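Could you walk me through this structure in my viewer? I would like to know what to select next and what is there.

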Amino acid sequence: MVKILKYVVIVCLFLTSFIGYATEVSWVGYSQLILDEHMEFTVSDSETLSGNEKWVPHDEKLSRSKHQFLHFRVSIQNPQAIEHSLWLVLPFPAIKHLTVTDGLNTWVTGDALKFSTRPVESPDYIFPVHLKARQSTELSGFMQGEILRYSFTLDTPERVTALYRQNVMRDMAFFGAMSTLVIVSLIIFLATKYYSYLSFAVFTFAFGGWFFRVFGYGFELIWPNYPQINDISYALLLYSVMISSSWLTVSLLKRQDKKVRFQNIVFAYTVLLIVCGLFSALFFDLNTTLVIPLYWFFPSVLLTLIITYKEYSAGSVKALWFIFSMLPFVLGSAIVVVIALGFTLPIDPIGSLMLGLVSTCLLLTVMISTYLIKLLQSQRDVEQQQANALEKLVSERTQALHASNKLLQELASKDPLTKLPNRRSLDLFVDDYIEHNGNSIGIALLDLDHFKRVNDTYGHDVGDIVLCKVATLLEPLNTDGRIAGRFGGEEFAIIQRLPEESAFAAMLQTLHVKVNQLMIPDCESIQVRACIGWVISEENESISDCFRRADKRLYEAKEQGRNQIVP
């Protein structure tokens, strides 16, 4: 059935070629021949022609509905004596259904058919035609679709192939640069959580994807067997570019802890674009759906300029950088939009847009990185101040803790009333001495005479005063080699390392005299008296035995009438 249809189309095209005369142009060995000025066109409601159609040159506009067929023809005359195998090229096309014949071969292809229907694997439509020597060859065919974008060029295969390689290298370099920007931006976003990098990555990805679709690589490489994705992907990517550009604008102009002026209007305007696009896709045609973002573009640029000016007036340096960075992209986009709306400019729109986009991306990268560096420096200064404050606080707390530990140590090692070393400190002194020295030690025990009578007669407060007075006499005796502390109750102990017997005895005699000379304020009738028993440790004598002998000497002093020193 397909073959029969193909033959029918060929016959129809042959018949069409004999109806009227196509404009003829000569091929004289040029490397390229642009056929747009030589083409003739007509419109019909079907693939076949009745013969009554009016053919018009390319520069005249034809009224055509999206369901009608646009027929074209041109005659190529080869005056040379050799045959030529050339390629008919439709660069950068947008055609749903396309049929082309050179009289010998007929090709049926288009964006609505699988990519494999193309005679030459390329994003462009390329048809290998054959020009016989000293003859004319008519190239004709028809196309159909909601949106038609076409141009006809006759060229040599070598030149088309070389140009295709150059374009592929250019495009791959462009996509590589865009992909690198996306990856780097995402990595920096994950490291910094700075949303300008995320919005920049989304915008760059959307724009790169749109170029990938426009250049035809998506259909060629990703969905060659699903042509219905062409329209969907084009619309989605185009709207994604517009939406992400709004997010990028707001995120780039946003200052720390400050909302961008009119950002709610930007978001509302972006939502309006989405709503209009969905409404158009449901109730109108594809052409209307794709034209909406083009008209949306110019008010969006105007709104962005107003917001940027307001931000700059408020003292935002980022706004000035943003304007400077976006100028190449806005200029390139404006060229594309103007040409898409039907105006003619002597500029390559795609090259302009690519150059503008790359320039803007580089400038935005510098802008974002510069701002991020300043932000990180500011955060580092704040963190340094916080670190200094924390260090000062830690130092203060450490000093307070040291003082607390010292106080606790004093409380643990000193008698709370007399402030003399307590029993625990006396034991530690003896243990440390025995562990590291093990030589002789002198022990003296001092007990106040009739101290219970003082407490019973004058009260415990006066008794405490007496104990503190005695402590003032004992405190000066504390040195590295000697300790004088409260042993318990009204009993005190003096322990000396490596004592010289005569000196130790003289020190105790002096202390005894001073105790007897103590005067208690407001209680002159109190006479402080004390007994002292002391010993020098003997060889191989345990410390317990030494203390027992000192205690026995103290007891003997009391038995001898008190207020005595017994060695």
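Start by selecting Gln-517, which counts as exposed because its relative accessibility is 55% (buried is under 20% relative accessible area, exposed over 50%, partly exposed in between, with a 1.4 Å probe and protein chains only). Gln-517 sits in the loop between helix 13 (501-516) and strand 15 (530-536); helices (H or I, at least four residues) and strands (E, at least two) are DSSP runs, numbered from the N terminus.

A word on the model: it is predicted, so local features need pLDDT of at least 70 and side-chain atom pairs count only at pLDDT 80 or more, while totals for chains, interfaces and linings use all residues. Residues are numbered from 1 along each chain as its sequence is written, and side-chain values use heavy atoms, leaving out hydrogens and water.

Next, select Glu-538, Glu-541 and Arg-549, which are linked in a network of salt bridges (a side-chain nitrogen of Lys or Arg within 4 Å of a carboxyl oxygen of Asp or Glu). Glu-538 meets Arg-549 at 3.9 Å, N to O, and Glu-541 meets Arg-549 at 2.7 Å, N to O. Which of them are buried? Glu-541 and Arg-549 are, whereas Glu-538 counts as exposed, at 51% relative accessibility.

Now move to Arg-170 and Asp-171, whose side chains form another salt bridge (2.9 Å, N to O). Arg-170 is partly exposed at 36% relative accessibility, but Asp-171 is buried at 3%.

Finish just after helix 7, where Gly-315 takes a positive phi of about 100 degrees.
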